[in-house]
Structure formats: C-alpha cells, structure tokens
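Entries follow in the order I made them.

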Amino acid sequence: MIKEHVDIDDIIERHPGKPESLIFLLQDIQAAYNYISPEAMTLVCDHIGVPLTQAYAVATFYQSFSLEPKGEHEIRVCLGTACHLKGAPRIVSELERRLGIKPGETTKDLKYSLDTVNCLGACALAPVSVVDNEYQPNTTTPKLVRLLDKMVSE
Ligand code: FES
C-alpha cells in the first residue's frame with residue numbers, strides 16, 4: 001500500500017516525550033513508512049529518553065514492526081503442513097523466480113515483499129496466501145500471478 005508522505009517530526013511531536021510513548025510512536029512510524037528506519041529509531045529514543053537497545057528490543061519482539069523497508073505490496077505464503085502438502089513450496093518457487101527475491105526480501109524497486117509463514121489458521125482452504133492483508137484461499141500460481149499483474153497495471 002502506498003503511504004502518504006508524513007513528516008517524522010510531526011509523528012514524534014504528536015506523542016508526549018516519555019518512555020510510555022514508545023509503542024505508540026513505533027506503531028505510527030510503522031503505519032506511515034511501512035518500516036522503522038535507524039534514523040527514526042534514534043529520533044524516537046531522543047524524544048522519549050529511552051536507550052536505543054531497549055527500543056530495538058521492543059521493536060524486534062513484536063512481529064508487526066519491521067526494521068527493514070517493506071514493499072508496497074506484501075505477499076505472504078503459508079508453508080504450514082496443510083499448505084505444504086497442497087503445493088505451497090511450488091508457489092513460493094514461482095514467486096521467487098518472477099520477483100527475483102527470496103522470502104524475507106523486498107524487490108529493489110520496493111514494490112514487493114515476499115515472506116513465508118507457518119500457519120495462517122485457515123488450513124481447510126490450503127494452500128493459503130495473504131496479499132496486502134487479504135487472504136487468498138486455494139492459492140494457485142496462476143491466480144497469484146494474475147493478482148501481481150493486476151497490481152503492476154494499477
Ligand atoms: S497450514 Fe497453511 S493455513 Fe494452516
């Protein structure tokens with residue numbers, strides 16, 4: 001998803017300069033930029049008086065925070081047992097080939113991020129993927145490719 005440009009200082013100033021603001025600041029920065037850069041983290045720590053190591057410990061604990069830039073579109077393919085048995089590894093391989101990245105990576109143009117997950121809790125619909133937070137039940141490679149092509153033309 002394309003985020004509107006938001007000034008980091010505006011985000012920081014919206015929150016009181018105290019340690020309790022940490023999570024809220026990280027959430028807002030994640031929402032605005034899709035990741036938390038080292039520069040943003042330093043500004044946050046200076047503002048609330050929390051050591052960088054502590055802020056990074058919090059950011060790495062919660063899966064919803066990313067410390068690496070993420071793509072405009074996030075694709076997650078489930079590799080849990082049910083999905084694995086229904087051909088999910090082939091889907092991942094095809095995406096790797098088409099996008100030129102491995103799971104955990106983002107394309108250089110910051111358009112796509114690819115990830116794998118262990119179970120999305122929808123095993124009856126295997127294989128399952130999630131594209132931009134939308135579940136894709138009974139995922140097939142052609143279906144995902146059509147979706148990617150649609151994103152490119154948008
Ligand atoms: S194993 Fe894929 S949704 Fe459960």
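Predicted model: local features only at pLDDT ≥ 70, side-chain atom pairs only at ≥ 80, totals over all residues.

**Met-41**
I started with Met-41, which is partly exposed because 19 other C-beta atoms lie within 10 Å. The cut-offs I used: buried takes 20 or more other C-beta atoms within 10 Å of the residue's own, exposed takes 12 or fewer, and partly exposed is in between, with C-beta atoms placed from the backbone. Met-41 sits in helix 3 (residues 38-48). Helices here are DSSP runs of H or I with at least four residues, strands are runs of E with at least two, and both are numbered from the N terminus. Leaving aside neighbours within four places in sequence, I found Met-41 in contact with Ile-36, Leu-52, Ala-55 and Tyr-56. Contact means that the C-beta atoms of two residues, placed from the backbone, lie within 7 Å. I also checked Met-41 against Pro-69: they are 28 residues apart in sequence and 14 Å apart in space, C-alpha to C-alpha.

**Ground rules**
Residues are numbered from 1 along each chain as its sequence is written.

**Whole chain**
I counted up the secondary structure and got seven helices and five strands. From the N terminus on, the order is α-α-α-α-β-α-α-β-β-β-β-α. The chain is divided into domain 1 (8-61) and domain 2 (73-153), with bounds from an automatic or database domain assignment. The centres of the two domains, taken over C-alpha atoms, are 30 Å apart. The C-alpha trace spans about 50 × 35 × 20 Å along its principal axes. Of the 154 residues, 21% count as buried. Among contacts with a separation of 6 or more, 60% are between residues 24 or more positions apart.

**Cores**
Which residues have the most contacts inside the largest nonpolar core? They are Val-77, Cys-78, Ala-88 and Leu-95, in a core of 13 residues. Strand 1 (73-78), helix 6 (88-99) and strand 3 (112-117) each supply at least two residues of this core, and helix 6 gives the most, with four. A nonpolar core here is a set of buried Ala, Val, Leu, Ile, Met, Phe, Trp, Tyr and Cys residues joined through C-beta atoms within 7 Å. I followed up on Val-77: leaving aside neighbours within four places in sequence, Val-77 is in contact with Ala-88, Ile-91, Val-92, Leu-95, Thr-116 and Ser-129. There is also a second, separate core of nine residues, including Ile-29, Ile-36, Val-44 and Ala-59. In soluble globular proteins, nonpolar side chains tend to be buried together.

Most residues other than glycine have a negative phi, and most peptide bonds are trans. So I went looking for exceptions to that.
- Leu-110 has a positive phi of about 60° although it is not a glycine. Leu-110 is in the loop between strand 2 (105-106) and strand 3, and is partly exposed, with 13 other C-beta atoms within 10 Å.
- Asp-132 has a positive phi too, near 50°. I found Asp-132 in the loop between strand 4 and strand 5 (134-136); Asp-132 is partly exposed, with 13 other C-beta atoms within 10 Å.
- The peptide bond from Ala-126 to Pro-127 is cis, with omega near -5°. Pro-127 lies in the loop between strand 3 and strand 4 (129-131).
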